[in-house]
Amino acid sequence: MKALITSGRTIRQGEQLYYKDLPAYSRETRRCFINPVDLLELYADDGESLLISTKTGDEVFAATSSEDVVPGTIFIPCGPHANAILHADTHGTGAPDYKWLIGTVTRTEEKPRSGWDILAEAGGIACPEVPSSPDGRGCADTAVRTARDVLCPLCGCLCDDIAVQILDNAIISVDNACSLGSGKFLSRSRIYRPIVRDGEAWKYTGFDDAIRQASDILRNAERPLLFGWSGTSAEAQCLGIHIAEEIRGVIDNCSSICHGPSILGIQESGHPGSTLGLIKNRADLVIYWGSNPIESHPRHMSRYTTYCTGKFRDNGRQERTLVVVDIRKTDTAKIADEFIRIKPGGDYAVFSALRSIIRGHDEIIPPYVSGIPREKLLWLADLCKNARFGALFTGIGLTQSPGKYKNVRNAIQLVDELNRHTKFTLTPMRGHWNVNGTNQTFSYLTGFPYGVDFSRGIPYYNPGETTAVDLLSREEVDACLIIGADPGAHLPRKCTEHLAAIPTIVIDPYISLSTALADIHIPVACVGIETEGIGYRMDSVPLRMRKILASPLPNDEYVLSTMLSHIRDAEVQESVRQIKRCITTASQYAPEIPGRTDA
């Protein structure tokens, strides 16, 4: 059976993001949601194995019957299983087609593999042993204490009302956080000493040796890549940029594979944005387009949009209209006042139709646009024009389907049209807690938001050329530093295969699937839990992350600053050696000077 394959976040997959050493993560990422009619056509039952094939490869998934997806479409949670069948063509944008794959589906007797098995096939090795405790190091508490008003370092919401209970320097319970945030606070998937790859096994090493070895790898590389940065502090991001400049490497962040196309659209058309506080206090119309916040940002609706009480919205939900536009009936769509199902890849056409209606040219609209009836488009345009304050939130459903950044550009132009009649804003739903911060720090120091190449000695930026997926798929990179991200779980198969073939360094507080591809894994303190740092909310508001636990581990800033010092010292020593060689060579061939006496 031929099918359109799309992927995205699910709440269960999100809950296991910081437990990737455990089987539950693979159980969630190997599921595929399929319409019962399609299951019947395949003569398969719920829970049986399905083989999904694309031009990239084949992978076995566990069927999950769901009427939320239309027949002919399959939805897969983000993870290594989805990436195993994903091609690496970014169409010059840096972002692959996570939302748009054409493949075939057949029933099979094979059983789905784990994520670690998939990466082992790509050249990775098994998960290292995870200790049950940090070897008794740290500062122990004699009684339960509570840390209040803690910021959650999980998603772009950066919720700041978390209450955490701590006993014996360990978090034992979390209040107010969503299940995704609680999962990160409570995770124990940690190592507390650096590990290096020794054939097909791991061995421990010291921090000084690991940092020096990592520094030498980057300094000696011809085309090093520094990737990630969305899960660490702004201070660490700045240090990473200095390292990239020093070694003339490429530095890229996670926005290149998620909302990078949104940034391209904003660069062309501007950003009619606002703070989340303004939306909370004023918005009476909220539209989620290509986004499912209940599963990707679980507290977004209760804190900033639909269910919260604002200064000018005393009755909260009763004074707001919620509209969801998506290709499947997500959990967010099920609670919306109006769910509009759109055909995959039809976003650009619908934005154009709405702009035409708002400009008074509704007579040219055909009976259906991308599966949406003309009457529904007229209703939506009228609803937007008559809103007191509207807020449009765009997800990666726009950035990773046909049209990519042009979809976002058209959405911005729609908002510009609406602002001739009312007040309307647009906000991309940023994923990682500091992925927006990467765009702020990169732009401030280099002039460009991501994919910055220093090989010329000056910053150079060209999405599709200087972005991580493109560099790795073309096998241009000969060394890679991964920090604040997990490309092993989120990059196409071709990229992970190359990461396994080159020297790869991982700096991460948690065990990740990228560990399987690494030559060195340096564990660090977790920002927002064990160390401080600046993070930028999805609306670009900077917030200071707190330290609530003592940790025996160094933080990202220490590791990166030490690496930078090693690299600079080595460069100075190399320069001194070259000067000495030049002097020696010159003295050998210099003519004798009459009357000269050597000291």
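Me: Is Lys334 buried, partly exposed or exposed, and at what relative accessibility?
Reply: This is a predicted model. Buried needs under 20% and exposed over 50%, with partly exposed in between. Lys334 therefore counts as partly exposed, at a relative accessibility of 43%.

Me: Which residue forms a salt bridge with Lys334?
Reply: The closest N and O atoms of the pair are 3.0 Å apart. That is within the 4 Å limit for a salt bridge. The partner of Lys334 is Asp68.

Me: How many residues apart are Lys334 and Asp68?
Reply: Lys334 sits in helix H13 (residues 331-334). Asp68 sits in the loop between strand E4 (58-65) and strand E5 (73-77). The pair links distant parts of the chain, 266 residues apart.

Me: Is Asp68 buried or exposed?
Reply: The cut-off for buried is under 20% relative accessible area. Asp68 has 18% relative accessibility, so Asp68 counts as buried.

Me: Which helices hold Arg493 and Glu121?
Reply: Arg493 and Glu121 form a salt bridge, with closest N and O atoms 3.3 Å apart. The pair ties together parts that are 372 residues apart in sequence, because Arg493 lies in helix H21 (residues 493-501) and Glu121 in helix H5 (residues 115-121).

Me: Which residue of this pair is buried, and which is exposed?
Reply: Buried means under 20%, exposed over 50%. Arg493 has 17% relative accessibility, so Arg493 is buried. At 52% relative accessible area, the exposed one is Glu121.

Me: Where do Asp160 and Arg303 lie, and how many residues apart in sequence?
Reply: Their side chains meet in a salt bridge of 2.9 Å, N to O. Asp160 is in the loop between strand E7 (145-150) and strand E8 (162-167). Arg303 is in helix H12 (residues 300-304), so the bridge ties together parts 143 residues apart.

Me: Which residues are linked in a network of salt bridges?
Reply: The structure holds 32 salt bridges. A network of salt bridges links Arg223, Asp453, Arg456, Arg474 and Glu476.

Me: Which residues form a positive surface patch?
Reply: Arg388 belongs to the patch. Arg388 is found in the loop between helix H15 (374-385) and strand E19 (389-394). Arg388 is exposed, at 64% relative accessible area. The patch is formed by Arg282, Lys311, Arg388 and Lys423.

Key. Residues are numbered from 1 along each chain as its sequence is written. This is a predicted model: local features need pLDDT of at least 70, side-chain atom pairs count only at pLDDT 80 or more; totals for chains, interfaces and linings use all residues. Side-chain values use heavy atoms; hydrogens and water are left out. Patches are made of residues with over 30% relative accessible area and no salt bridge: like charges are joined within 9 Å, nonpolar side chains (Val, Leu, Ile, Met, Phe, Trp, Tyr) within 5 Å. Accessible areas come from the Shrake-Rupley method with a 1.4 Å probe; for residues, only the protein chains shown count as cover. Lys and Arg count as positive and Asp and Glu as negative; His and the chain ends are not counted. The place of a charge is taken as NZ of Lys, CZ of Arg, CG of Asp or CD of Glu. Helices (H or I, at least four residues) and strands (E, at least two) are DSSP runs, numbered from the N terminus. Buried means under 20% relative accessible area, exposed over 50%, partly exposed in between (1.4 Å probe, protein chains only).
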